[in-house]
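Here is a walk through one protein model, element by element. Keep the structure open and follow along.

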Amino acid sequence: MHPVRSAFQAGRGYLAACTLGLPAAATRDAVRADLERWSAGQATAPDYSAALERARGHAATLLGTTAERIATGSQVSVFTGIAAASAPAGAEVLCVDGDFSSVVAPFLARGDLRVRHVPLDALADAISERTWLVSCSLVQSATGEVARMAEISAAARANGALLLVDTTQATGWMPTTGIDADLVVCHAYKWLGAPRGAAFAAFSDRAIAEFASHTTAGWYSGGDPWASCYGPELYLADGARRFEVSPAWNAWAGAEAALGFAASLDLAGVRDFDLSLANAFRAAIGLEASDSAIVSWPDETGCDLGALTAAGIIASGRAGRARVAFHLWNDEEDVELAARALRGAAVSAR
């Protein structure tokens, strides 16, 4: 059992951090307190802004950068859309075959870009001088496969390509502080256990200089949002904040606590703990060990997912595969519960 297990109210049989995480007690209490303040007419915009700034600092810690390079938002696809809107017509964008739509669809929607899809293990070798941008998830949503990010970053740099990396399925269970990329995007509602509607991104100097800010320009994209509420002038921050959208206040009240909790953890230790459970489960059902906290296997008929659900296990199915994930609230008993459910399903099938 992980030392912070007591911070979570639920968790037994909950193997769905990769779908919808659980809030720690601090996050739950922050959301409740916000609701009470709002209901009592005591919530203020400056207080929400202060919470957002504290959350920005936690996000910077989680991504290994500074607060000035962090932009906050509500969805990963919006940040990806900024990159897509900045691409020259006809530019080559290299994506992973089967990657999550939020890091693929904005480029396809342009209609005038050359979007190529390759297997994850072939991504680094597929980058060439023709590639304008590479877009990929650090951890694949459907399969749990972890990208060889050092190789991908090196290939992108060698060929002058921009690099976009989505860490939504990584940040929270593994360290994500050493990624050499131009845009690192993350939604906080999965492994970080924040309310949905809180996302953040880290921008490189090149991205800040080259990416189009008109797609998100608004009152919150100024250096001082409270001084950029009205026209006729355009107010844009000098750094990453120029790409911000107006925050969903209530989501960030919880996200501040969630990101702070995650930033306080030894994420290398969290990775080791999560992997120990995931690999114990793999061994129990006859799969090879892996470097991912997500365990995914073919389940075209949905029988395995059905067996897990019938046993009270919260799991998920994606792209014709069953999918479970192990995190801080789980322990060896969860491994055995899930494995027993699948063994029972196999016996029934015979």
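This is a predicted model: local features need pLDDT of at least 70, side-chain atom pairs count only at pLDDT 80 or more; totals for chains, interfaces and linings use all residues.

Start with strand 8 and strand 10: the two run antiparallel and are joined by 5 bridges.

Now look at the loop between strand 9 (316–318) and strand 10 (321–325), where Ala319 is found. Its backbone deserves a check. Phi of Ala319 is near 50°, a positive value in a residue other than glycine. Most residues other than glycine have a negative phi. Is Ala319 buried or exposed? Ala319 is exposed, with a relative accessible area of 68%.

Gly231 and Pro232 are joined by a cis peptide bond, with omega about 10°. Most peptide bonds are trans. Pro232 lies in the loop between helix 7 (205–210) and helix 8 (249–263).

The axes of helix 2 (residues 45–63) and helix 8 come within 8 Å and cross at roughly 35°. The crossing is left-handed. On the helix 2 side, the contact residues include Tyr48, Leu52, Arg54 and His58. On the helix 8 side, they include Trp249, Trp252, Glu256 and Leu259. What is the make-up of this contact, by nonpolar, polar and charged residues? It divides into 13 nonpolar, 5 polar and 2 charged.

Next comes strand 1, residues 70–73. In a regular strand the side chains alternate between the two faces of the sheet. Both faces of strand 1 are covered. Ile70 and Thr72 are buried on one side, Ala71 and Gly73 on the other. Strand 1 runs antiparallel to strand 7 (residues 199–203), and 4 bridges join them. Ile70 has Ala202 as its bridge partner in strand 7.

Finally, step back to the annotation. An unreviewed UniProt entry assigns residues 52–281 to "domain: Aminotransferase class V". In the model, the end C-alpha atoms of this span lie 38 Å apart. The span is 34% helix and 16% strand.

Methods: Residues are numbered from 1 along each chain as its sequence is written. Side-chain values use heavy atoms; hydrogens and water are left out. Buried means under 20% relative accessible area, exposed over 50%, partly exposed in between (1.4 Å probe, protein chains only). Two strands pair if DSSP finds at least two bridges between them. Axes are lines fitted to C-alpha atoms, for helices over the stretch in contact, and angles run from 0 to 180 degrees between N-to-C directions. A crossing is left-handed if the near helix is turned anticlockwise from the far one by less than a right angle, and right-handed if clockwise. Contact means heavy atoms within 4.5 Å. Ala, Val, Leu, Ile, Met, Phe, Trp, Tyr, Cys and Pro count as nonpolar, Asp, Glu, Lys and Arg as charged, and the others, Gly among them, as polar. UniProt positions are given in the numbering used here, feature names are shortened, and annotations may be inferred rather than shown by experiment.
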